[in-house]
Amino acid sequence: MSIRDRPALVAYEFFAGGGLAGLGLEGFRTLFANDMDAAKAASWRANHEAAIAVGDVWDLTAADLPGQADLAWASSPCQDVSLAGARAGLDARRSGALWGFWRLIEALETGGRAPPVIVIENVVGLLTSGAGRDFGAICEALAGAGYRVGALEMDTAHWLPQSRPRLFVVAMRGVSGPVAAGPVALFHPARVITAQQRLSGRAKAAWVWWSLPAPPRRNLDLAALLEPDDAVGWFTDAQTGALLALTAPLHRDRLEAARASGERRVAAAFRRVRIEAGQKVQRLELRFDGLAGCLRTPSGGSSRQYVIVCVGGKVRARRLTGREAARLMGVPDTYILPRGETAALKLMGDAVAVPVVQALAEGLLRPALEGRAVSPGSACPAPT
Ligand SMILES: C[S@@+](CC[C@H](N)C(=O)[O-])C[C@H]1O[C@@H](n2cnc3c(N)ncnc32)[C@H](O)[C@@H]1O
């Protein structure tokens, strides 16, 4: 039976935002989704047939979750992995949304409905926050519930022109995806290995090095995803001059070289606060490597990304648009974005990149749930 003929696997999507995880989970049907942000939920509804429950994850109970899911996906907020959340009381509600999710998994377990596969997505800082104790607590909780657990670091830059390393903690019980004998260089860099070594007894014993096929070579760069020059608003000369005046010395040299080439060169740039001679200074930092910097939520002026274009010896500057940000997340142009640029950038800056989820679903999650996982070095014949 081909994957197209199969009844879809079923997923619960927590911290669902605009639903980019769901877009990438090919072969899965989202049976339940939750997010507390009403504006993001509106984007979810505009783009998905499935309903979304709007509210705090802590207010949900197992009775709110229909049926039985094959997969529970949790793209928990990055500032909310603090161990404080594992404790009771107000602190838990504020700072430990992930534990609100975990409380539901425990309740499902009590009712015999715990999903065989759980994915927790977060920033790679989760590996080291609380000196590794937060990551340890998550692995310990999963291991304690009988799951085998491993983590992969996946950088969106392998699929799309955006530098966006993210951590995917994948837990499986009663099923297994492909497993490697040890760390796989592309997905288990030194910081993952260090975090694994820091785990204690039960979590370490449950650890598994998940294996994924290497992504094909990326064939897009930032310039390929940008709107045509005449379809976007550019800064005036005065605005461009004021922005470029902030350029850090090393970056100024790169900019000058690109300008002097006379060719069309595209850079992504961020304003950053740096300490120079003991003083805080705003600096513009550019990258001409064909990648955008990691999209962020536009909470302050410094979190908006700029596009700098050198052509014919001139330099032009503008802000990255919401649609361009969506493309940098692998979202098709048919996706309906919120009207305001800030809302669109907030939606995308917080999200998970679609092709990364696709790769995980295709290479690890579906093989496990469909019982067709082959671990490299076990059943797989050596390449000739
Ligand atoms: C990192 S974003 C995930 C976005 C999503 N994966 C996507 O692709 O758009 C985290 C989300 O968690 C939501 N959130 C934060 N705290 C929450 C809570 N206590 N209950 C429910 N949702 C929460 C935020 O509104 C935000 O949309």
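1. Start with the lining of the largest pocket: it splits into 16 nonpolar, eleven polar and 13 charged residues. Here Ala, Val, Leu, Ile, Met, Phe, Trp, Tyr, Cys and Pro count as nonpolar, Asp, Glu, Lys and Arg as charged, and the others, Gly among them, as polar.

2. Keep in mind that this is a predicted model: local features need pLDDT of at least 70, side-chain atom pairs pLDDT 80 or more, while totals for chains, interfaces and linings use all residues. Numbering runs from 1 along each chain as its sequence is written, and side-chain values use heavy atoms, with hydrogens and water left out.

3. Who sits in the middle? Of the 40 lining residues, Lys 40, Ser 75, Ser 76, Pro 77 and Asp 350 lie nearest the pocket's centre. A pocket is an open set of points on a 1 Å grid over the protein atoms alone, where a 1.4 Å probe fits, with protein on both sides within 12 Å along at least five of seven lines; lining residues have an atom within 4 Å of a point.

4. Now the ligand. Of the 21 residues around it (a heavy atom within 4 Å), Asp 35, Lys 40, Asp 56, Val 57 and Asp 350 come nearest.

5. For polar contacts (N or O pairs within 3.5 Å), a ligand oxygen is 2.7 Å from a side-chain N or O atom of Asp 35. A ligand nitrogen is 3.0 Å from a side-chain N or O atom of Asp 56.

Technical notes: A polar contact is a pair of N or O atoms within 3.5 Å; within protein, one must be able to donate a hydrogen and the other to accept it, and residues adjacent in sequence count only if both atoms are side-chain atoms.
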